Amino acid sequence: MTDTGAAERALDLAESAPEPESRRRLGRRSKEALLAYALLLPAFVVFGVFVFYPFARNFEYALYRTPPFPGLPKTYVGFDQIGDVLSSHDFQNSVWVTILFLLYTVPIGVFLGLFLANLAHQKLKGIRAYRTIFSSTVATSVAAASVIFFTLLNPQVGLFTYWLGREGEISVLQDPKTALIAVSVTTIWQNLGLSFIVMSAGLQAIPDDLYEAARVDGASATRRFWRVTVPMLSPTIFFATVVGGILAFRAFGQIDLLTEGGPVQKTNVLVYAIYRQVFRNNNDGVAAVYAIALFLLVMMLTFIQMRFLERRVTYAR
Amino acid sequence: MSRVVLDGVTKRFDGVVAVDDVSLEVGDREFLVLLGPSGCGKSTALRMIAGLEDPTAGTIRIGDRVVNEVEPKDRDVAMVFQSYALYPHMTVRGNIEFPLKSRRVEKTERERLVREAAASLGLDTLLDRKPAQLSGGQRQRVALARAIVRRPQAFLMDEPLSNLDAKLRVQTRAELIELQRRLEATVVYVTHDQVEAMTMGDRIAILDAGKLQQVGPPQEVYAAPANLFVARFIGTPPMNTIRGPVRKDGEGVAVALAGDVVPLEEGVARAVAASGADEVIVGVRPEHVAIGSAGAIRAVVTVVESLGHERHIVCRLEDDQMVIVRQPSDVAAPSERDHVALSADAANLHVFDAESGLRIGS
């Protein structure tokens with residue numbers, strides 16, 4: 001902040017100096033540009049140090065095989081390691097698990113958010129209390145949420161275990177058939193608050209008279225939902241889908257706390273697999289390849305969303 | 001088409017009375033205008049007819065049915081909103097056929113009706129556009145087409161012209177009347193614009209503070225306003241209203257106004273005497289005041305406003321009350337700060353009770 005102030009004062013001084021008309025105008029423009037770059041610099045430095053440089057270095061890491069023991073030199077192997085990793089069962093499993101996790105969490109999360117937002121979008125007394133409850137999961141940390149579900153799913157005392165009739169059996173989190181679903185449910189619950197808030201904001205932006213017109217025009221509540229709410233909300237739904245997708249790709253805490261990627265890697269999503277490669281296996285070469293794969297996957301998903309979903313979105317004026 | 005009847009209808013919002021015991025009958029094929037300043041309850045009244053608000057008390061009838069408990073969609077009315085409330089994600093065709101689709105009208109019939117409605121409003125070539133690609137006037141016509149497409153029992157219009165520019169509004173006003181005549185439609189039309197009300201309505205119902213002030217044909221409301229509110233609300237520039245004490249002498253009843261004593265017409269005089277009022281408010285339309293050099297009511301010209309075809313002369317009386325005089329532009333205008341004398345024909349005076357504001361005499 002102080003830098004900016006000083007820069008501006010310097011500019012003011014410079015401007016007040018008498019100069020020929022034409023030179024002064026040119027000078028002012030380049031000074032403005034200079035100021036703009038000066039203001040951008042801190043952000044650029046932060047991004048450079050923490051994003052761009054590591055991003056570039058990651059590609060370099062992917063070309064070197066990490067030695068089995070620390071201290072030994074890395075060996076340059078070119079694209080060999082990338083090929084090895086891409087064809088490995090572990091990697092393919094992680095990609096598949098990530099995609100499944102995305103499919104389990106995003107559509108249901110978006111739908112539930114929309115559903116709850118509609119429920120809470122009523123002019124009823126005390127509806128604010130419900131709005132607060134529905135959005136409260138936003139304020140819950142991943143750790144707290146995971147511990148809650150961990151307890152609920154506990155094979156001896158967990159309430160969910162009891163409801164599912166699985167007392168005395170293997171924990172839901174230990175069962176390869178159910179572990180990913182359990183983690184997904186936790187994630188959906190955790191992200192529901194955000195989805196609800198986004199959808200509520202979207203709903204509030206829809207003019208009331210559209211609903212009134214639809215009511216007079218003879219549309220039932222269901223028809224109003226499908227023909228007015230959903231199309232009018234399509235930019236919001238699109239946004240929630242994109243954000244939900246990003247959150248799904250970034251999911252780490254709940255997996256680390258609930259399953260640690262197990263059982264038999266059934267919940268080992270890419271982000272968690274990267275973590276395990278780096279911090280358990282000390283293999284930053286392989287981890288780098290995973291990271292590149294994750295990057296490409298996210299880029300692909302973004303592209304698909306932009307290309308196909310956005311086309312169906314109505315931006316109302 | 002059919003009648004719409006409001007009987008003792010009241011609407012209260014959290015202790016605020018928006019509509020206060022309004023009884024009103026809109027005849028079959030009648031164009032009735034609900035007129036009033038903003039916040040007078042006219043829109044609330046209309047929304048109760050549509051079913052978008054529930055009356056706190058009273059009954060609403062459309063045709064032969066009491067519709068208090070009937071859902072908006074089953075009331076068989078169509079509404080045109082001030083904002084038009086077009087569905088932005090649908091084409092013009094989609095918008096017009098929406099009410100038909102909601103009512104499961106069969107496809108070929110639907111297409112025929114949409115074509116007809118679009119043709120009658122000149123929208124044939126715009127059917128595949130989205131509302132965002134239309135001008136304000138075109139959107140307004142789409143909203144009208146969506147209303148007429150299903151031939152409802154009554155049309156409810158909430159300030160449908162207020163978002164149009166002045167020129168287009170005049171043109172659309174005429175088109176709307178023509179449309180109403182052709183469809184033989186019952187229309188309840190809400191506006192705050194008295195020019196719209198005067199030009200369009202078969203009858204005008206004037207509301208203020210939720211209460212019905214007067215109902216009648218435009219000319220009648222203009223010629224014999226029932227109270228001070230109506231007198232001041234209808235007419236541009238508004239009616240002059242001057243306060244003065246009542247003087248009774250041997251021959252009749254007169255009002256003392258700014259230095260003069262103005263005798264009242266016989267019928268009005270009798271009514272004033274009968275009412276026992278000590279003070280009255282005399283109303284006179286700007287076009288009924290004559291400016292001369294001789295006369296008892298003295299005034300000073302403060303502003304002369306020329307509108308081209310006519311002139312408004314704002315005068316200040318000796319006791320500081322204001323009087324506006326309307327003059328054709330072909331007579332000589334006084335200058336500002338001129339001392340003038342004002343006079344009016346006794347037949348053109350409206351007399352109101354100073355306390356209740358009600359009209360005295362016929």
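In the predicted model described here, the axes of helix α6 (residues 142–152) of chain A and helix α8 (residues 179–204) of chain A come within 10 Å and cross at roughly 135°, the axes being lines fitted to C-alpha atoms, for helices over the stretch in contact, with angles running from 0 to 180 degrees between N-to-C directions. This angle makes α6(A) oblique to α8(A), since angles under 35 degrees count as roughly parallel, over 145 as roughly antiparallel, 65 to 115 as roughly perpendicular and the rest as oblique. The residues A:V142, A:A145, A:S146 and A:F149 of α6(A) meet A:T186, A:W189 and A:Q190 of α8(A), where contact requires that the C-beta atoms of two residues, placed from the backbone, lie within 7 Å. By class, this contact of α6(A) with α8(A) has four nonpolar, three polar and no charged residues; Ala, Val, Leu, Ile, Met, Phe, Trp, Tyr, Cys and Pro count as nonpolar, Asp, Glu, Lys and Arg as charged, and the others, Gly among them, as polar.

The secondary structure of chain A comes to 13 helices and two strands, helices (H or I, at least four residues) and strands (E, at least two) being DSSP runs numbered from the N terminus. Residues are numbered from 1 along each chain as its sequence is written, and chains are lettered from A and ligands numbered from 1 in the order in which they are written. Because the model is predicted, local features need pLDDT of at least 70 and side-chain atom pairs count only at pLDDT 80 or more, whereas totals for chains, interfaces and linings use all residues.

In chain B, an open sheet of four strands has the order β2-β1-β4-β5, with antiparallel pairing, two strands being paired if DSSP finds at least two bridges between them. Its edge strands are β2 (16–26) and β5 (65–66) of chain B, each of which pairs on one side only. Within chain B, strand β1 (residues 4–13) is joined to strand β4 (residues 57–62) by five bridges in an antiparallel arrangement, and B:D7 stands opposite B:T59 in β4(B).

Elsewhere in chain B, four bridges link the antiparallel strands β14 (residues 279–284) and β20 (residues 350–353), with B:H350 in β20(B) as the bridge partner of B:G283. Strand β20(B) also pairs with β21 (residues 359–360) of chain B in the antiparallel sense over two bridges, and B:V351 stands opposite B:I360 in β21(B). Five residues lie between β20(B) and β21(B) in the hairpin that they form, and B:G357 in the turn has a positive phi of about 80°.
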